[in-house]
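Biologist: I have a few quick questions about this one. Can you take me through it?

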Amino acid sequence: MSAPLLELSGLTKAYPGVVANDDVSFGIGRGQIHALLGENGAGKSTLVKMIYGLVRPDEGEMRLEGRPHAPATPLEARAAGVAMVFQHFSLFDALDVAENITLGMADPPPRRDLAERIRKVSRDYGLPLDPNRIVGDLSAGERQRVEIVRCLLQSPKLLIMDEPTSVLTPQEVEILFATLRKLSAEGTAILYISHKLDEIRSLCDAATILRLGKVVGACDPRESSARELAEMMVGSALSAPARGGHVAGEVILEVEDLSLPPAHAFGTPLRRIGFGLAKGEILGIGGVAGNGQDELLAALSGERVSPRGSVRLRETDVSRMGPDARRALGLLSAPEERLGHAAAPDMSLMENALLSGHGRKALARRGFVDWGRTAAFARDVIARFDVRTPGEHVAARALSGGNLQKFVIGREVLQAPDVLVVNQPTWGVDAAAAAAIRQALLDLAEGGAGIIVISQDLDELMEISDRFAALNEGRLSAPVATATLDVERIGLMLGGAWDREKSHA
Amino acid sequence: MFGTISPTLLVAALMVAATPILLAALGELVVEKAGVLNLGVEGMMIIGAICGFAVAVETGSPVAGFAGGALGGAALSLVFGVLTQFLLSNQVATGLALTLFGLGLSSLLGQGYVGIKPPATGRLDFGPLSDLPFAGRVVFGHDWVVYLSLALTVGIWWFLRRSRAGLTLRAVGESHDAAHALGLRVRATRLAAIAFGGACAGLGGAYLSLVRVPQWTEGMTSGVGWIALAIVVFASWRPGGVLLGAYLFGGVTVLQLNLQAAGVAIPVEYLSMSPYLITIAVLVVISARGTRRSLGAPADLGKQFHATR
């Protein structure tokens, strides 16, 4: 390989109390698809933000095509040929596709020419897009296309992608990979960040592994196993979740003909959802984000009441009850958004423990809070779920995503639910914490509880669930035993084609 | 009973009554589109009223007066801007404080100006056009500020829908985090919008004290700033809707005054509340009918922006 396109040497960035990047050096060649691997908090985001001009390094230097690269703003980075697709989409819901793309360009052409160029580029790369649609109406996959097309219109030399596949169906992932390979063949270098090791092995030609802000290794991912990569990331051996034999018990939760209108303008209605959940069973519900996951969780947890008779717990109709009443009967839940939904960000862990556990753990009596018991409960969650925090008095906001997630799940698990509904239990959580959470869910099911796991991570659902169903535009497919599924069939289910599938079978 | 009310004079008076509200509401529309909720419109208007009045009286030039009013409103709004954008104070509380501060400061500044008559702002001369029946008085019989406010309505519509800077402004109001990630300058954009809103409110206030009343009295805005705020919301953040709301409010105000003068047998209290009720009712009906989300409330309205760097 000749001189690399982008060369990083000795990059260091420290924040108060933590060194996000410590003497990071590596190079990315022209047309190379280079993976950046690491757990949460390993410093991947900080590193790419420095390349993209959002953060300035304290020390070290970057060279792009041999010239010094020190962008002060993303505008300068884009002018130098660096483009970035964000993990949390940087899009404006109320604006249309063309307007969103215009905003990311330094010198946008008039709207009519731009619309034409959007159509052409999106067609050439197999990412069809209508420039006039409002972004808030698009699916997650389409929204990502907007970001990618925005980058492609500027013919970047280096494209940075931060966890691009976490919201895509397998088919969409295939399309994305085809696009990236085409770009790489044309000479565009790609810096690819992902947790999904199998993807990296099939897509990338080189990998750099970060741990605690330092480069701990480099390898050719095509010649390493996923297990080797994971162990380099974590720095220790991983244990896969273990589960015992499982016997399906009697049905504990029944959902029948559950329909709800959307709660807000960009929401999804629920359409005639029906399924049964047995004791000791884990039902995995997959689907691309925005197909009714949040709405389904709200209808099950009691945040939104549904028509009479649509949700029954042990023959009791709970569909008109609120969350507290359902909790008292043993139906517990943990929503996806950790800060602001599952936990109150500025309240301490102890107070957060009280908020969901006051009934089942008898933390409040005759209207008075028993702080001693509450603190003991919070400490119990922290100890049993290995939540890394100085203590139960710390505000929820101060915890890292993975640690707070462990706390939120642990808080519900320790209340001994009969039925637990969780949405995205391991979203944005590193491998070790994710494994711990999955193991906790498996143990809970072993103890006889019924569990519903709503997730976009298919590997996770395949690993822990007994049966699998897919949400598409607010409809739920009939649950299928996980053992009988293959990737193609899952993709069809996610795309809403299960009826066709059934009629063929 | 309507015999004594001339339609021509009614429409002409309506436009004069509506202009201060229209100016203030247009300014607030731009501020809110940038994601900032400035509840200090009333305070900026009354500061504009006294600054405009004082400058006009001292210089003898109404044009200088309007410029002074706009500058006064903008200066006060920048106090709000610095507090909320750089010191990250709460927008609602700061806006309310701005109104109280403006009311107090204006009565202090205005102590020497009670009972004085300001230099008159003349009607523009359109030659023979002004002699046309009805249209001559209604279309061609106003002072320049009325035309400026109408031009501003169209200008702001064009700016927001068509221009690159307007798109940036809407983007900042829609998602400041995404805008920041794209390298747009969130604070600078918001500060500019706040200053523009302050200038518009000041201009509206100056119109009150120089044309509509025309004299200086303490607390003379008497809630006009608040109705301007309400009109922005009920007009779904559309310049056309703001124009409609302001003219409706002005129209019903003028009409009920005329009805009072004509001695209609409706209690005065009901007539006095009618502009508020009717304007809000009509705008609610209109905004309930249209569901074009793309023109709705900016998603980050009133939210604090703190860049992490």
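Modeller: A term to start with: angles under 35 degrees count as roughly parallel, over 145 as roughly antiparallel, 65 to 115 as roughly perpendicular and the rest as oblique. This is a predicted model, with local features needing pLDDT of at least 70, side-chain atom pairs pLDDT 80 or more, and totals for chains, interfaces and linings using all residues. Residues are numbered from 1 along each chain as its sequence is written, chains are lettered from A in the order written, and side-chain values use heavy atoms, without hydrogens and water.

Biologist: At what angle do the axes of α1(B) and α9(B) cross?

Modeller: Roughly 170°, and the axes come within 7 Å. Axes are lines fitted to C-alpha atoms, for helices over the stretch in contact, with angles from 0 to 180 degrees between N-to-C directions. α1(B) and α9(B) are therefore roughly antiparallel.

Biologist: Which residues make the contact?

Modeller: Among them are Leu23(B) and Val30(B) of α1(B), and Phe196(B) and Tyr207(B) of α9(B). Contact means heavy atoms within 4.5 Å.

Biologist: Switching to the two chains, how much do chain A and chain B bury between them?

Modeller: About 1900 Å², with 61% of it on carbon and sulfur atoms. That is accessible area (1.4 Å probe) lost on putting the two parts together, summed over both. On the chain A side, Leu54(A), Phe92(A) and Leu103(A) lose the most area to chain B.

Biologist: How many salt bridges between chain A and chain B?

Modeller: Two. One joins the side chains of Arg170(B) and Glu99(A) at 2.9 Å, N to O. A salt bridge needs a side-chain nitrogen of Lys or Arg within 4 Å of a carboxyl oxygen of Asp or Glu.

Methods. Helix = DSSP H or I, 4+ residues; strand = E, 2+ residues; numbered from the N terminus.
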